[in-house]
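Dear colleague,

I am handing over the structure we spoke about, and below it you will find what came out of going through it. Please read the notes with the model open beside them.

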Amino acid sequence: MNSILIVDDESKLLKIFQSSLTKKNYTIYTAANGQEARRKINEQDDISIVFLDLKLPDCSGLDLLQEFVSVYPTKIFIMMTAYGNIENAVIAMKTGAFDYIVKPVKLHEIIVVIEKAIEWLKVKQENHILKERLKRSETNGELLGTSKVMKQILLLIERVSNTNANVLLEGESGTGKSMIAEAMHKLSDRSHAPFIPVNCASIPEQLLESELFGHEKGSFTGAVSARKGKFVAANGGTIFLDEIGEITPAFQAKLLQVTQNKTFIPVGSDSIKQVEVRIITATNRNLKKMVEEGKFREDLFYRLNIVDIYIPPLRERKDDIPLLVKKFLDKHRKKYERDYQISGELMRILTNYQWPGNVRELENAIERAVVLAQDQQLSIHDFHREIREVNYEPSVETNLQESGKSLPEQMEDIEKKLILKALDDALGQQSVAARKLGISRQSLLYKMNKFFNLI
């Protein structure tokens, strides 16, 4: 219950408000001056709404407002005054007041303001919870990204997660659409209910209807018992239909009904089943183009595409690669209890690789490297041939025209690259790397400390 503090020097008004609002099931505290108000708001943690009179015996209500707003940022403050004027209203709102009312105040008016304040508090609390969930989701590695485009996607996910709108996730295979779908479910009010993923491309057409809608015993050969289906299993929660672009036109018509009114008929049954479920779909195909070509129903497309989220390929958000590499390495550090490391040069190579298989390919590549690594320092030789061959040799050509860099600075850059390559080829063994470079081990250690602060 939201408790209310009313600060006013009119004792009669305080008694009226306390009596009337208590009958409306509000907990009411009162204060006749600023000092008493400070004591009450400090002692009563449950106070969430504060009414402040502009004129108080020992201070100005605006001064008290300014003091309270900074100390109690989660509470709502409403100004009251018999001297209503635009100047005071503007000052109060700029200081942080939620609203401004002019005396004499009628009971129904103050109740309206209280209800507005409570609704705003509820929305604010829900947003805070949602942001905390999103933060935890990112921390757990479900959603990772520091690039501008991924930050925009995360904000969009936050906004739509707590709605019932159908969402269509578009993007190449391996971009993380299934992780995003599950994260949206966990961020929603449905998180306590099931999240049921279905890969439509992996189920034969003749079995897909039964898989999703269920069937009655004996409805077809092999139906030795009744089955409820995935939509019933997801009731109250979320069903995720991956590769939705692979379903046939005949099944598209059947899916349309469940997207329209959440009803369907199981195979071999005459009765209509009703479910309360959110539908999230995903595809690596261009559904809009398929609609234009007559390969996908337009009405179904718009039912599924209430909100569409496009996840760009990894090659278009390279800023996310180091964070993802760290996440996957951390996973294997815990699994194998080994402190796997990766050099700056190797990270540069991984960042510049195009990753046609996107996040899934990156994860598999890191797992392969960990399995093949001879020690805790990963080497380029632990990765598959495509990564080794692309952009592997560091460029040693000088570029005298490079803006802002002198010849010694460019020579230093080349030296850094050669040292990193030698260390990578030597699997981190400093004496071997020094021999490759034709310098002493002491000289190599000096340069490692100078350039990279590695020792």
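Val 371 is found in helix H15, which covers residues 358–372, and because its relative accessibility is 54%, where over 50% is required, Val 371 counts as exposed. Together with Tyr 336 and Leu 372, Val 371 forms a nonpolar patch on the surface, and the accessible area of these three residues together comes to about 270 Å². Please keep in mind throughout that this is a predicted model.

Leu 346, which lies in helix H14 (residues 344–352), is a contrasting case, since its relative accessibility is 0% and Leu 346 therefore counts as buried. Once residues up to four places away in sequence are set aside, Leu 346 touches Leu 378, Ser 379, Ile 380 and Phe 383. For one of these, Leu 378, the separation from Leu 346 is 32 residues in sequence, while in space the two are 8.4 Å apart, taken from C-alpha to C-alpha.

The next point concerns a pair of helices. Two packed helices are described by the angle between their axes and by the distance between those axes. Helix H8 (residues 205–213) packs with helix H10 (residues 249–261) at an angle of about 10°, and their axes are 11 Å apart; because angles under 35 degrees count as roughly parallel, H8 is roughly parallel to H10. On the H8 side the contact is made by Leu 208, Glu 209, Leu 212 and Phe 213, and on the H10 side by Phe 251, Lys 254, Leu 255 and Val 258.

Helix H10 is also the place of Thr 259, a residue that counts as buried because its relative accessibility is 3%, with the limit for burial set at under 20%. Leaving aside neighbours within four places in sequence, Thr 259 is in contact with Asn 166, Ile 279, Leu 300, Arg 303 and Leu 304.

As for the protein as a whole, there are 19 helices and twelve strands, and of its 455 residues 46% count as buried. The protein exposes about 23,900 Å², of which carbon and sulfur atoms supply 50%.

Key: Residues are numbered from 1 along each chain as its sequence is written. This is a predicted model: local features need pLDDT of at least 70, side-chain atom pairs count only at pLDDT 80 or more; totals for chains, interfaces and linings use all residues. Side-chain values use heavy atoms; hydrogens and water are left out. Patches are made of residues with over 30% relative accessible area and no salt bridge: like charges are joined within 9 Å, nonpolar side chains (Val, Leu, Ile, Met, Phe, Trp, Tyr) within 5 Å. Accessible areas come from the Shrake-Rupley method with a 1.4 Å probe; for residues, only the protein chains shown count as cover. A salt bridge is a side-chain nitrogen of Lys or Arg within 4 Å of a carboxyl oxygen of Asp or Glu. Helices (H or I, at least four residues) and strands (E, at least two) are DSSP runs, numbered from the N terminus. Buried means under 20% relative accessible area, exposed over 50%, partly exposed in between (1.4 Å probe, protein chains only). Axes are lines fitted to C-alpha atoms, for helices over the stretch in contact, and angles run from 0 to 180 degrees between N-to-C directions. Angles under 35 degrees count as roughly parallel, over 145 as roughly antiparallel, 65 to 115 as roughly perpendicular and the rest as oblique. Contact means heavy atoms within 4.5 Å.
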